[in-house]
Each structure stands twice: as structure tokens, then as C-alpha cells.
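Dear colleague,

Please find below the structure that I am handing over to you. A summary of the findings follows it.

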Amino acid sequence: MTDFANSNKTVKLVFSDGTPSVMLPIYEGTLGPDVIDVTGLYKKTGKFTYDPGYLSTASCESAITYIDGAAGQLLYRGYPIDELAMQCDFLEVCYLLLHGELPTPKQKADFDYLVMHHTMVHEQLEFFLRGFRRDAHPMAVITGMVGAMSAFYPQSANLLDPEQREMAAIQMIAKMPTIVAMAYKYSVGERFVWPKNGLSYASNFMRMLFAIPCEEYVNNPVIDRAVDRLFILHADHEQNASTSTVRLCVSSGTSPFAAIASGVACLWGPQHGGANEAALRMLTDLLAQGGEAKIGEFIEQVKHHEGGRRLMGFGHRVYKSYDPRARIMRTTCHEVLDELGLRDDPLFKLAMTLERIALEDDYFVSRNLYPNVDFYSGIVQKAIGIPVTLFTAIFALARTVGWFAQMNEMINDPTCKLGRPRQLYRGSMLRHVPEMHERL
Ligand code: CMC
């Protein structure tokens, strides 16, 4: 942890309302902007800071993931995302995020074995799943199933016990593919396919999704690698909305499974994890309305914010030059379309035309609105045959490890406190409840 006492930079805050000025310490990170420590501000001045959407707020100290939005850089534990995506598999990246270092060959073999031998779920969880409507959105089902894990695995539900927390992480990483695949099979009325532990993490997931009892399932290495890469690219992303939600939940001391369920719930939103689903729906609607012939009209509607319309899968709160994950996913997307012979499919052709037009249009260029990872991951998943409603669930599967890494880091941080933001109150002044007959 940073030795805050040794900070030698300060900032002086001068007030125009007569409040005495204060000096605030400034801390330097190993990379990225300095931060001004405002923790003592309220005590010293009686004032809060105001930052809706946390545009200028660092909510914690972290050593897991670094993003340089201007340079389009993403590092997990210091390693560039493209090197990890090209040279490692997802379970290696999980080990890195959880333990801080890449595994040795022995550590990798042990970790793979551990995860791949916790893939089964409690039989009773199947009956819990059967309580949902078949047409329920998978994210509703998965939020419920993950929350229910606290009830099914109470022996690893104590957040403050490091061994229980470690077991919860392994159980959750191992069982998420099984849970997501079960939710899918249930929605299409097919039999659940139990995990096969000898397969890789991604191959096992593909088999659980697409195998049927009456035929032999043959894994496609190009597809499995694309899915593994998709998992790596989504494994962590610093203090985004769902991770901050998990951290806030953890701060209250809740069960690790309940905290992960809160992350899943937050991820569901279309401005966060739901963007790949929203991007694919946008493409499908555009195709139905006339496809390429209608692109010009559609782009004009987006530019004039008609009906609050946005080009889904474009833009990012942090990446203002290019989303480095998008570059890798774009290459992967082309590999998958080639492998499956889908280059001429109207939907994918439309996506590529939309990408080209938006990249050349001044509205998008001047606002630094580039395709983000969700634009391509939606196309890849659709090409593989994954239903659109499952996209965000797959994102949640991949992000589970990041949420656990952040959870561990937070609990081991001695400065960790119950998260409790304050507010700028603009409601009524004090008033008293009138009698019913006085309320006109
Ligand atoms: N389409 C059209 N215009 C946009 C878009 C878009 N996708 N994104 C931003 N803008 C415009 C916005 O209207 C505004 O224009 P103006 O200055 O004329 O009012 C300007 O760009 C700045 O927008 P903002 O809302 O202040 O930017 P932000 O940084 O708060 O937004 C965002 C980030 C991701 C919410 C937004 O770009 C968006 O809604 N994108 C579409 C949804 C999406 O793809 N989300 C996935 C993000 S990546 C997944 C993840 O990492 O979790």
C-alpha cells in the first residue's frame, strides 16, 4: 500500500465565502493522474466534494488494472491486454488477477485442475432454476442464481475469512459457465449438459452451451479460442460501475456471492455490460428497416439525438482515443467470420459498413467515439450462435474473476471503510406534517 504519510505534494484550497483555506495532500500513482486526498475536507471545512458520475473521483487505491484512456492502454497487473490475449489463456489471466503474478507451469496446472474440478453445481440449484419462467431474461436468472449461491455454499460465504473467500472465488469462476449454460438450455427447452473437466475452460463452456444428448459435440478450436479471448478482454476493467457496486457491497461485509450478484445486476444495464446486446439489437433493427440503404438516415437520427438514440457499441467513458480491447476483438471477429464463412451475411456486412461510416463521420471523430469492445464482441457471439440475450451473461461470467480480485484487494486494504457517499441536498426546508383536513 502507498505510504500516504510521505506525500510531499499539496494543494491549497481557497474559499470565496470566508471559510479558512486548507492544504490537502496529493498522492502519486505508479502510473496515471495524481489524486487529491479530500478525506479530511469535511472535518476541516464542513463542505463535501460534488462529483456525480465520479468523473473526477478515485474511489480507492488499486494495483490490479490500469487504463490510460487517452493512449488507449489497458494493463492487468502491468501486462498489456494484447499480450495477455495473444499469449495466455483465460485461466492464466484469472491467476494473474487474483494472485498478482503470472503462474509458473506448476501453478498453472494446479490452478487449472482446481477450477476445472469445481465446475459442477449443487443438484438443488437446478430446481431453483426451474422456478423461473422459460422466457425470463438470462440476466434476471443469473442474478438470482448467483445470489442463491450463498444459500447453497454457506461454508464459503464468510467474506472476512480468507480461506472461505478463496474457495468462493474458485467456486464462482468454476461454476459461472455451468450456471450460464444451464440458464441458456432452460430457455430453449433443452437438457442441461454437465461439465467435462478434461476440456479447457472455454471449450467446456461451448460444449455445455451447444452439445445435445443425441449427437457427439466436436469443439472448434478457432471458436473456442475466440471465446477464451473474449473472456480475457472482459476479465477486469478497473473501477467501472459493476466493480464499484461490488466494492460498495463488500464494504458492508456481505457474503461474497451476494456481492457478485450485485455486480451481475449492475452489469445488466445497456450503458454498461448490456451494450453488446443493445448493439446487436440496433443492427438487427436497422437490417429489418432496410439495412445499408437506411444507414445514412439512421446516422442522422443518432447525430440529432432523436429519441435519445445513440450508436450502441461506440464511445467509452474512459477510452477517448481507442478501446484497445476493440482492436483485438476486431481481429478475432474477422477470424470467426472467416472460419464460419459468414463474411457475406447481411447482418455482418451491415456492421462493417456502419463501423466504416462512423469512423469517417466528423460527429463521431470530433467526439472521439470509436467502436468499443462490445461492438465486436456482439458480432462474434452472434456469429458463433450465441443468442443475443445471453451476451451480458457471458460478460458477467468473464468479469467474475475481476470482481473477486477487487474484493480481495479491498478487504486486505487497512484503510477500507463502509462506503457511504454524501449528497448535495436541494429538497424542502424543514416543515411539519399537516392534519389531513388541512392538506388542500
Ligand atoms: N452515439 C452517439 N453519440 C454519442 C455516443 C454514442 N454512442 N456516445 C456519446 N455520444 C455523444 C453524446 O451525445 C455527447 O454529445 P454532445 O456533446 O453533442 O451532447 C458526447 O458524445 C459526449 O457524450 P457523454 O454521454 O458525455 O459521454 P460519456 O463519456 O459519458 O459516455 C458512454 C460514455 C459509454 C455512456 C456513451 O459513449 C454511450 O452511451 N455509448 C453507447 C453505449 C455503449 O456502447 N456502452 C458500452 C461502453 S464499453 C463497456 C464497458 O466497458 O463497460
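**Findings**

At 5% relative accessibility, Phe395 counts as buried. This residue belongs to helix α18. Please bear in mind throughout that the model is a predicted one.

**Overall form**

The chain contains 18 helices and six strands. Of its 440 residues, 47% count as buried. A compact globule with 440 residues would have a radius of gyration near 22 Å, and the value of 24 Å for the chain agrees with this. Along the principal axes, the C-alpha atoms fill a box of roughly 75 × 60 × 55 Å.

**The ligand and its surroundings**

Which residues come closest to the ligand? They are His272, Arg310, Leu311, Lys320 and Tyr363, out of 21 residues that surround the ligand. By class, this shell consists of seven nonpolar, eight polar and six charged residues.

- Leu311 places a backbone N or O atom 2.8 Å from a nitrogen atom of the ligand.
- Gly313 has a polar backbone atom 2.9 Å from an oxygen atom of the ligand.
- His316 has a polar side-chain atom that lies 2.9 Å from an oxygen atom of the ligand.

On its own, the ligand has 940 Å² of accessible area, and the protein covers 77% of this area.

**Aromatic residues**

The structure holds 15 aromatic pairs. One of them is formed by Tyr363 and Phe364, with 4.9 Å from centre to centre and 75° between the planes, an edge-to-face arrangement. Tyr363, which is also among the residues closest to the ligand, has a relative accessibility of 13% and therefore counts as buried. Phe364 counts as buried as well, because its relative accessibility is 2%.

A further pair joins Phe375 and Tyr376. The ring centres of Phe375 and Tyr376 are 5.3 Å apart and the planes stand at 85°, so this pair is edge-to-face too. Both residues, Phe375 and Tyr376, are buried. Ring pairs link Phe314, Tyr363, Phe364, Phe375 and Tyr376 into a cluster.

Thr65 is located in strand β4, which spans residues 65-68. Is Thr65 buried or exposed? Its relative accessible area is 9%, and because the cut-off for buried is under 20%, Thr65 counts as buried. The side chain of Thr65 makes a polar contact of 2.5 Å with the side chain of Asp236.

**Loop residues**

Two residues stand out by their backbone angles. Most residues other than glycine have a negative phi. Arg77, however, is not a glycine and has a positive phi of about 50°. Arg77 is found in the loop between β5 (73-76) and β6 (79-80). With a relative accessibility of 22%, Arg77 counts as partly exposed.

His305 likewise has a positive phi of about 50° without being a glycine. The loop that holds His305 runs between α13 (295-303) and α14 (324-339). His305 has a relative accessibility of 49% and so counts as partly exposed, since a residue must be over 50% to count as exposed.

Gly385 is also a loop residue, placed between α17 (373-384) and α18 (391-411). Its relative accessibility of 37% makes Gly385 partly exposed. The C-alpha atom of Gly385 is separated by 18 Å from that of Thr331, and these two residues are 54 positions apart along the chain. Helix α18, at one end of this loop, is the helix that holds the buried Phe395.

Yours sincerely

Notes:
Residues numbered from 1 in each chain as written. Predicted model: local features only at pLDDT ≥ 70, side-chain atom pairs only at ≥ 80, totals over all residues. Heavy atoms only, no water. Near = heavy atom within 4 Å. Polar contact = N/O pair within 3.5 Å; in protein donor to acceptor, adjacent residues only side chain to side chain. Areas by Shrake-Rupley, 256 points an atom, 1.4 Å probe, with all protein chains shown as cover. Nonpolar A, V, L, I, M, F, W, Y, C, P; charged D, E, K, R; others polar. Phe/Tyr/Trp six-rings, centres within 6.5 Å; stacked < 30°, edge-to-face > 60°. Buried < 20%, exposed > 50% of the residue type's maximum accessible area, 1.4 Å probe, protein only. Helix = DSSP H or I, 4+ residues; strand = E, 2+ residues; numbered from the N terminus. Rg over C-alpha atoms; globule rule 2.2 N^0.38 Å.
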